[in-house]
Amino acid sequence: MAGRSTGALVLLAVALPLALSACSPASPQATATPAAAATGSPSSAPTSAAQAPTSAAQAPISAMRAPAAATDPASPLVVVNKRTPLTPIDYAPPLTVPAVPLAVDGEGAQLSPTTARAAEAMFAAAARDGAPMVLLSGYRSYATQAATYDGWVARQGQEAADVASARPGYSEHQTGFAFDIADPGGACSLMPCFKDTPAAVWVAAHGHEHGFIVRYPWWHHETTGYYYEPWHLRYIGAEAAADMHARGIPTLEEYLGLPAAPTY
Ligand SMILES: [Zn+2]
């Protein structure tokens, strides 16, 4: 196992320059920080996406509705990844500001109403368990994403832009169903070491109880298109989240029987 883990870390270090950030911070500095800090060791041995525990005999209960729900931007099961932009690409959800501790204001403090209610319950439960968290970044509009991405293209070209920022229309943050959390003290924000903070440990164990998944789990970037982001949570509804957790299915793509989306 030691050899396998070491090999995986070497691969991670080599691959990180190509890593894409789903959370597309607004500045080069913000992106450089998580990449530079990515030497944190994984909490468990990596599992290849090819070893995902899905099979025809264990089809997800949501598979029947996947074709419709996965492309409906108003559905909690909508899939947005590098192969699947939102439709319409400039979709804007209904929004509200959740009653949770906020580390952001303006547009980014908003979530879809369903997500906001679930987040309020989850943040409260986590705080009761001694794992307080804050909302670091929620909704991001098409216009905001376009400005961020275009800024990267202007400064460093499209290849670098795709490393640093999601293309407009391709970010889960545009759905209102996704947000990033942080430790109230700011420990390891948007960095791999966030996985060891009380908030991250808590959401990994209990997020599904409130309808959330860690959307970009460790070593499933070949399926999701993004390296491990223990801070990026996605609301998919309590039934689907509990089902995914019970079946040990790591990604939404696999759960809904959809193809992997490693690149644009
Ligand atoms: Zn995010």
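Q: Which exposed residues does the face of α8 turned away from its buried side carry?
A: In this predicted model, the buried residues of α8 are Ala-240, Ala-241 and Met-244. They span an arc of only 100 degrees around the axis, which places them on the same side of α8. The face turned away from that buried side carries the exposed residues Glu-239 and Ala-246.

Q: Against which elements do the buried residues of α8 pack?
A: An α-helix has 3.6 residues a turn, so residues three or four places apart point the same way. The buried residues of α8 include Ala-240 and Met-244. The packing partners of the buried residues of α8 are β3 and α9.

Q: Which residue with a positive phi follows α8?
A: α8 covers residues 238-247. The phi of the residue that follows α8 is near 70 degrees, and that residue is Gly-248.

Q: In what order do the 4 strands stand in the open sheet?
A: β1 and β2 run antiparallel and are joined by 3 bridges. β2 and β4 also run antiparallel, and 3 bridges join them. β1 and β3 stand at the edges with a single partner strand each, so one side of each has no neighbour in the sheet. The order of the open sheet is β1-β2-β4-β3.

Q: Which residue of β2 stands opposite Leu-135?
A: Across from β2, Ser-137 stands opposite Asp-180, and Ala-178 stands opposite Arg-234 in β4. The residue of β2 that stands opposite Leu-135 is Ile-181.

Q: How many of the residues of β2 are buried?
A: Ala-178, Asp-180 and Ala-182 point one way from β2, while Phe-179 and Ile-181 point the other way. The residues on both sides are buried. The count of buried residues in β2 is therefore 5 of 5.

Q: Which residues does Val-203 touch, not counting residues up to four places away in sequence?
A: Val-203 is one of the core residues that touch the most other members. α6 spans residues 198-206. Leaving out residues up to four places away in sequence, Val-203 touches Ile-181, Phe-212, Val-214 and Leu-233.

Q: Is Thr-197 buried or exposed?
A: Thr-197 is found in the loop between β2 and α6. A residue is buried if 20 or more other C-beta atoms lie within 10 Å of its own. Thr-197 has 23 other C-beta atoms within 10 Å, and it is therefore buried.

Q: With which residues is Thr-197 in contact, leaving aside its neighbours within four places in sequence?
A: Thr-197 and Ala-182 are 15 residues apart in sequence, with their C-alpha atoms 8.9 Å apart in space. Once neighbours within four places in sequence are set aside, the contacts of Thr-197 are Asp-183, Ala-187 and Cys-188.

Technical notes. Residues are numbered from 1 along each chain as its sequence is written. This is a predicted model: local features need pLDDT of at least 70, side-chain atom pairs count only at pLDDT 80 or more; totals for chains, interfaces and linings use all residues. Helices (H or I, at least four residues) and strands (E, at least two) are DSSP runs, numbered from the N terminus. A residue is buried if 20 or more other C-beta atoms lie within 10 Å of its own, exposed if 12 or fewer, and partly exposed in between; C-beta atoms are placed from the backbone. Two residues are in contact if their C-beta atoms, placed from the backbone, lie within 7 Å. A nonpolar core is a set of buried Ala, Val, Leu, Ile, Met, Phe, Trp, Tyr and Cys residues joined through C-beta atoms within 7 Å. Two strands pair if DSSP finds at least two bridges between them. The arc is that of the directions from the helix axis to the C-beta atoms.
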